[in-house]
Every structure is written in structure tokens, then in C-alpha cells.
Amino acid sequence: MFLLKYILRNLFRHRLRSVLTVVGIAVAVLAFGLLRTLVGLWYSGAEHASDTRLVTRNSISLVFPLPISYLERIRGVPGVTTVSYGSWFGAYYKEPKNFFANYAIEPKGYMELYPEFTLSPQEKNDFLLDRKGCIVGQRLAKTYGWKVGDLITLKGTIYPGQWEFVLRGIYHGREKATEERILLFHWDYLNEAMRQTVPRRADQVGYFIVGVKKPELASEVALAIDSLFKNSLAETLTETEKAFHMGFVSMTEAIMIAIQIVSYMVIAIIMVVAANTMAMTARERIGEYATLKTLGFKGWHLAGLIFGESVIISFLGGLLGVAATFPAASWIETELAQFFPYFSVSGETLLLELLAALSVGVVSGIFPTWRGATIRIADGLKRIG
Amino acid sequence: MAENSEPIVRIRNLSKAYRRGTQVIPVLTGINFDIARGEFVALMGPSGSGKSTLLNLIAGIDSADQGSIQVADVEITSLGESDLARWRAGSVGFIFQFYNLIPVLTAFENVELPLLLTHLDRRERREHVEAVLNVVGLADRMDHYPAQLSGGQQQRVAIARAIVTDPEILVADEPTGDLDRASAEEILQLMDRLVQAFGKTVIMVTHDPRAAEKAHIIRHLEKGELSVT
């Protein structure tokens, strides 16, 4: 009880120093938590991918198309339930900075394969019936203030020109991880325009989405599809949606590893800073520690004082960091919505934040504790006056 | 005075040297010295003569190279670190030149510190602390922090802390060295009262001849050797 009282009073002895240390640890813990969350989100697309959906694309590269004529042959493969297709459209809204994912798709099969994109029956019907119609996720609609019935004009990049669409529906993600910043429109609309303007680009798709009866059939069906087009002009590569996403993620894996290293470096740096602060504090109080030892207090009493202060300061920093994580995550989710479909910090990350703060307290307290607890009384007393 | 009583402190052939790199600097050489119970002894001498070192050795906060120190029949040179700490807590009261109070604790809490190492409960500790603060005349300042007290008052708190466990001996290292004349006189009177009224044994290191005059015996240390005045 006395130790705790003494520690708490010592905490407020150099208020500015204590506050700056607590804030420093809080910022480090916050940065650690946010960077960790960022890395986790990067892989979340792959983690949430369906295991009953396959993606068939050109085996050379995703940028090379496949003929639409493959559709019926893929549909005929045993184990396949539904097949849809699409092409990356790559247009932007008004200015290049207003960029978001947009795809030309075959809508009926697509809506069956992606039940996580939830639309009202009315909106779904309106979209299916209108060749110029499009649907957008609610986050995207909110960003640009779009309402159902609005005319949206996109500027094409891969497919040059002004492209007009009528907004027929705003979908909601069934799960939190569902991407809500996508625009989807009829592939037929794109193909018709290609037939008229660039016929050599007509009747081609970027990929097929293939639904399979059960996950266990995925590899068998993938092999069957690829064998269908072996030695053709456009050989295919079929893989699960998860593997497909991981292909993208792996391209940036080095960056993600670098971010992870940075998150640990942040904690290491604050550890050194906190250790220096605690060493400075212990050095200033060495005369007091010697006095306490003179009075009969033992090394472990002093160890409790110094170590306790270090751990309490770090824990307070950790709590502040964890508390700041929620508004920071909310701010990122709102302000950087074009980069992150959602930005929720997991319970595991919050726990790790606290553990990181505690480890800062433990590590930074070791040297000052050892120094304070083992000080020779006569040497310590000489520091006074 | 208790000149003929059994010595409470018995020092035999005590030697101590400091090492600075490879150089050995002798501080005390073959000291033999007895202090009777209830005596007020002043140790004087020039800087570096070893008087503070001798005081530290008697108080068990430094270790001798050679020789014996018995305090109330306890051979303290043979005690380990932990036993020595326990012995200090119960047998020695310390009064320092710069008071050495803990700045974040009140006068009451500073005086209570040594009692935290005893088995006394909270109520008993309070009774002890209030009693000694009364003795030093600071009962009305018990909730003040050291920074809110004058130098003389801080030293009185330090004296209260030194006597709260009713130790065998009191050791004082330049107890008036940081005080003005009036405050120094008050402190010396208080120490004299502890000897006269409470029978305490006081060993005081001082440079101040006026302070030494209060002692029953003055011992001079010169180049690590003792002489009697």
C-alpha cells in the first residue's frame, strides 16, 4: 500500500516528463495498433473470399482477355453450378483522383455468385432489366452523394470515352468485410460499344467467375477447366478466389513486411526512450534510494518502487493508446474510405497494444531497477546536497 | 553522562581503505574506540580524515576491510546485507546534513517510514509517529511536505524519523551543517535532550566547534587515527 502511494506520488513529481512519456508510449502503441490493423486488412480480402468460387483468367496474365465463347464450355464442366464473367473497366468519375473499382459484368450470374452484395428485389430487377443500368456499393454512393435514378458519367481509360450509366441500385455488404466501393454495370453495354467502335476488342472478357457445388470439388473443377483450353490461343489459369486475391496480395508482400517491421520498430524506439527516461528518473533519486536503504528498506523494496513506476507509466500510455485507437480507426474509416473498405481494430490487436505497452514498461524498468536496487548506500548518500 | 557504564559501541583494530583504480588510499588505520551507553560523542577532523567513513561503519552502511565493530553486543562486521538492513532498521537512527527527507511524503509519512518495516499496525504506527513529532515540537506540521518546512523544521522531522523506532544509537553526520545559527542551536538542544531525557547514545560528525561543545566527548580524527579531547 505504501509502495503504491509512493509510486503514484512519484508519477506526479515531474508532471511534464511523466505526461510526455505517457503520451509518447500512447502514440507508439496507437501506431503499432493501426499498422497491425492495416496489415491485417490487406489480407482480409483473401481471408473472406468464398471457397466455392473459382476465377478463370488468361494463363499469361490478367491483362490478356479470354473469348466469351469459353462460357458454355466452362458451364459444361461437371461440378460447376453457375458461371459469370466480367472485365475490369478502370474508369474514373469526373477527375482521375475520383478513382474506384468498376467492372463490366454479366449481372444475373454475378448476383447469384455474390450473395453478399445485397439489393432490394426491386433494385435488383431494375438493374437486370436496364442495359445501361449500374449498381454501386453504399459507401461509394455516400461518397459522391448518388441516389437511385441518378445519371452517372464515367471517363474511360482502358475503354476510352464518356460512359453513361443510370444508377439502378445501391447494394449493402452482407458482411463488414464486403467491399462497398464498387460500381458494376452490364458487360453487354460495354461489348455493344466495342462492336461498334473497336470490333477486335469485342466478345472478350477479363475473367470468368465459376461457382462450384462444394469446396472439395474446387481443384478438380479448376483442373478440368484449364485442361479444356490447353494448347489453345488463350490458355486459362483457374484458381480459387482466395488464391486469386493472394496473387494480388503477394505482389505487395514486401511492403506489408516492411510495415510490420516498422510497427515493431516503433515499439522498440519508445522502449529506448522510456528506458532513458526511467534511467534519468532513477539517477535523480539515487540519494533517496540510498536513504531508504539506510533506514532498512531492502533492494526488493526499491525494485518495486522503480519497476512499479515504469510499468504504471507504460500501462497508462497503453490504455491511452488503446482508447485513442477507436477514434483513430473511425477517422481512417471515414476519411480514407477509398483505401479501406472498413477499418476495425480487432480485440487481438487491442490486447497486443496493451502487451506492447507493458513490455515497454518491463524492459525500460530493468536497468534503472537493477541500478537503484544495488546502489551502495555510502555512494548514494554522497549524491545528496 | 555515563562514562563508566558498559560500552554500547566497541571498535577494535578497525581499518578501511578506498581503491581508486590501482591506487589504495587508507582512510582508517587500526582504530580502537569505545562509546558508553548514553554518551554524546562528537567526531571532528579535517576533510578526508575519515570521520564520516567511521560513522558509516558504526552505522552499518559501509563495510570495514579489517577489525571488529560491536554495537550492543552485535558484531555488525559479520552480518550479511539482509541482516544488516534489519539491524539498521531496529538499532540505528540516522540524522543527515541535508535531512534526506522524501519530498513526496508528508512529515508524518517520512517519520512513519522506518515503522513500515516493523509489525506495528496502522493505529500503533500513528501513535508512535505523533509521539515523536510531539517530542520534536512539530505535531502541528505533520501534514506538511518537506518543501513547506524550514531547514530547521526539516531536520527536526529527520530527528523524529531517527528516534521513532527507539534505536540503540543515533548517528548524525553534520546535522547542523546546512542550518543557520539559530536553527543549529535548536537542533543541538534537541539532540542534547534526547541524550539527557531519553538516554540515547549519539555519535555526531561535525566541523563546527560550537556543535561539538554540546558533546560529552570529542574525538579527533587525523589521517585515519583517533585522538581524545
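A residue counts as buried here if 20 or more other C-beta atoms lie within 10 Å of its own. Keep that cut-off handy for the views below, all taken from a predicted model.

**View 1. B:Leu84 sits in helix 2 of chain B.** The helix covers residues 81-91. With 20 other C-beta atoms within 10 Å, B:Leu84 is buried, because the cut-off asks for 20 or more.

**View 2. Who does B:Leu84 touch beyond its sequence neighbours?** Leaving out residues up to four places away in sequence, the partners are B:Gly60, B:Ile76 and B:Leu79.

**View 3. Chain B brings together 7 helices and 10 strands.** Its C-alpha trace spans about 50 × 45 × 40 Å along the principal axes. The radius of gyration is 17 Å, which agrees with the value near 17 Å for a compact globule of 229 residues. Some 49% of the residues in chain B count as buried. Take the contacts in chain B between residues at least 6 apart in sequence: 71% of them join residues at least 24 apart.

**View 4. Chain A meets chain B through 16 residues from chain A and 18 residues from chain B.** On the chain A side, the elements giving two or more residues are helix 1 (2-11), helix 11 (286-294) and helix 14 (377-382). Helix 1 of chain A gives the most, with 4 residues. By type, the chain A side that touches chain B splits into 7 nonpolar, 5 polar and 4 charged residues.

How values were computed: Residues are numbered from 1 along each chain as its sequence is written. Chains are lettered from A and ligands numbered from 1 in the order in which they are written. This is a predicted model: local features need pLDDT of at least 70, side-chain atom pairs count only at pLDDT 80 or more; totals for chains, interfaces and linings use all residues. A residue is buried if 20 or more other C-beta atoms lie within 10 Å of its own, exposed if 12 or fewer, and partly exposed in between; C-beta atoms are placed from the backbone. Two residues are in contact if their C-beta atoms, placed from the backbone, lie within 7 Å. The radius of gyration is taken over C-alpha atoms; the globule rule is 2.2 Å times the number of residues to the power 0.38. Ala, Val, Leu, Ile, Met, Phe, Trp, Tyr, Cys and Pro count as nonpolar, Asp, Glu, Lys and Arg as charged, and the others, Gly among them, as polar.
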